[in-house]
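Biologist: I have a structure open and would like a close look at one part of it. Please show it first, and I will say which part.

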Amino acid sequence: MTTTQLKNTHSNSDYGSYSLWREASYRLKKNTMAMLGFWTLLALFAIAACTPWLAPYAYENQNLALGASPPSAQHLLGTDIHGRDLLTRLMYGSRVSLLVGFAATAVSLVIGILWGTIAGYIGGRIDAVMMRIVDILYALPFMIFIILLMVVFGRSFLLLFLAIGLVEWLTMARIVRAQVLSVRKQEYIDAAIVTGLAHWQIIYRHVMPNILGPVIVYITLTIPSVILLESFLSFLGLGIQPPQSSWGVLISRGVESMEEYPWLLIFPGLTLSITLFSLNFLGDGLRDALDPRTAKN
Amino acid sequence: MLKFFAARLFQAIPVLFVVITATFFLVHSAPGGPFDAEKTLPAEVLDNLNARYNLDDPLYKQYLSYMGNLVQGDFGPSFRYSNRSVTEMILTGLPITFELALYAMLIALIIGVSAGIVASIKPNTAQDYIPMSLAMAGICMPSFLMGPLLVLIFGISLDWLPVSGWGYAPGDKILPAITLGTGYAAYIARLTRGGMIEVLGQDYIRTAKAKGLPTPTIIYRHALRGGLAPVLAFLGPAFAGLLAGSFVVETIFQIPGLGRFYVQAAFNRDYTMILGTTILLSTLIVVFNILSDILTVWLNPRLTLKD
């Protein structure tokens, strides 16, 4: 049954039972850690979106006379060796890291859904070949290929999230395909075919709503791994290039001077960890909420 | 079993061939050559260098000769370090990276499996929440953050352990192994917990309990074999991840392993070194994935090997 059907039948009944989504959101709201993650992320997005207006200093602002200073009333998180306000740099860095996280996830989402839906819906030999390709790609060391791509084609922003997106779609394709495959066998799909609906209409109206749950869950788990990957590359000096900052760049700078100016490492590290923490808890919470079977564990 | 292994290995060969070919042409299409140093070399010197490494040959000829040498186990000379061959460098770097990955894996397994078992015995109690929250923290603490923090605490503040090198001073292998292992310990803890909870709900465990067996016996004799299946399936990808993760750890702790060579080669545009390490790591990872598939099936007779 599709979710829309579920909603309709249930709202008409007198039993007062909930629809899938209402039940899921109810379960999610009861999960304290997941909600904490949700609100933290919302706050983080709001700050990142409003950075140009919120940031206490201009991004390029240097104060060489001041140099590195510990957190103070003027500079809440301190300054780096060029006297740049760390809070400002962290806020701008969050924009970059979150943007890469979302853009690369979107790339992987588009490829994964297309690939998985086509394989699962058509089935048969095409499915076998398409999934074999996924299996083979799974076995390859992608970290190495991303580094290679960054080296060969230069360290551009666009390439960074394309490269990451191009390697992150595999699991998405698998999840989508499994889901499509199970929906495909349902009788109402046969009924839809009999009534003469076009395939794209069936996919759009009946298949898509059913794959939404697992896909949403997987998105919340892909974003942190993408953010991590970007930070990892930037840390090695192969990702975002200074003067642009991202969490990875800031952490890498922080490590260089952690003995003298530990706050330069601690605050960016903390921001990254809290973000990953929130996304993972929200993802776990969503998975439990949308799939009652796992909630018991 | 042997047939399955042979079939998988046979299947891996075309994959590796494609990988090698793609990497070769990708690297050679890169703008900028290996000799674009800070100081520009005179034209004659550059010509000589290009001639020596056959860089003036047409690309297909370079490709063929590279493949020919590769089949004989020769990865060619390093462009950057003129007196060393890539094979030589790989042979010095690989055992170090392997040793590091092995220690990290041991740490990850010991911590991960014990934490997962502890958590699975009493799910949804403090005994579950505490180790699992720590596991989540471990997952959210990337190695490039964990490493420097460990160095700051144990290396600099407490001055207990050396902060760099590999085998130069006693104890210098501890921090890198912990840094690399913790993230995987966290994943393994979660996998163990999930697998164990599922197995502990089975009928034969209830039978064992009804017989009056003590909990440790039930866990070790009956539950672990099934409960660890997800962990075993993860071992191959985990080892692959450990090898790839060694980039960061080797850079932080200045360990002369393969990962550090790779990152340096990437910066230096050392074509042959990049190619060599990519090929080697891909091969290793493909082999480990096959091995972990086999291990999974071997431990679970209900699954059969299909090629």
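Predicted model: local features only at pLDDT ≥ 70, side-chain atom pairs only at ≥ 80, totals over all residues.

In which hand, left or right, does α3(A) pass α12(A) at their crossing?

Now the crossing. α3(A) passes α12(A) in a left-handed crossing. The partners are helix α3, residues 32-49 of chain A, and helix α12, residues 263-290 of chain A. Their axes come within 8 Å and cross at roughly 130°. An angle counts as roughly perpendicular from 65 to 115 degrees and as roughly antiparallel over 145. The two helices, α3(A) and α12(A), are therefore oblique to each other.

Which residues make the contact? From α3(A) come A:M33, A:A34, A:L36, A:G37, A:F38, A:T40, A:L41 and A:L44. From α12(A) come A:I274, A:T275, A:F277, A:S278, A:L279, A:F281, A:L282, A:D284 and A:G285. Sorted by class, the contact of α3(A) with α12(A) has 11 nonpolar residues, five polar and one charged. An α-helix has 3.6 residues a turn, so residues three or four places apart point the same way.

Next, the contact between the chains. Chain A puts in 29 residues and chain B 34. On the chain B side, the elements giving two or more residues are α1 (2-28), α5 (126-139), α6 (143-157), α7 (174-200), α10 (229-252), α11 (258-268) and α12 (271-299). The largest share of that side, seven residues, is from α12(B). Its make-up by class is 27 nonpolar, seven polar and no charged residues.

α11(B), one of those contributors, deserves a stop. Eight of its 11 residues are buried, so α11(B) is largely enclosed by the rest of the structure. The buried ones are B:L258, B:G259, B:R260, B:F261, B:Y262, B:V263, B:A265 and B:A266. Look at what sits on either side of this helix. In the loop between α10 and α11 of chain B lies B:Q254. Its phi is positive, near 50°, and B:Q254 is not a glycine. B:Q254 has 14 C-beta neighbours inside 10 Å, so it counts as partly exposed. After α11(B) comes B:R269, with a positive phi near 55°. For background, most residues other than glycine have a negative phi.

Now step back to chain B as a whole. Its secondary structure is 12 helices and zero strands. The C-alpha trace spans about 85 × 55 × 30 Å along its principal axes. Of the 307 residues in chain B, 40% are buried. Contacts in chain B with a separation of 6 or more are 73% between residues 24 or more positions apart.

How far can you trust chain B? Its average pLDDT is 80, and 90% of the residues score at least 70. Confidence in chain B is lowest in helix α2, residues 43-52, at a mean of 71. It is highest in helix α4, residues 86-121, at 88.

B:L91 lies in α4 of chain B. B:L91 counts as exposed, because it has 11 C-beta neighbours inside 10 Å. B:L91 and B:L134 are 43 residues apart in sequence, and 37 Å apart in space from C-alpha to C-alpha.

Note on methods: Residues numbered from 1 in each chain as written. Chains lettered and ligands numbered in written order. Contact = placed C-beta atoms within 7 Å. Helix = DSSP H or I, 4+ residues; strand = E, 2+ residues; numbered from the N terminus. Nonpolar A, V, L, I, M, F, W, Y, C, P; charged D, E, K, R; others polar. Axes fitted to C-alpha atoms, helices over the stretch in contact; angles between N-to-C directions. Parallel < 35°, antiparallel > 145°, perpendicular 65-115°, else oblique. Left-handed = near helix turned anticlockwise from the far one by under 90°. Buried ≥ 20, exposed ≤ 12 C-beta atoms within 10 Å, placed from the backbone. pLDDT = per-residue confidence, 0-100.
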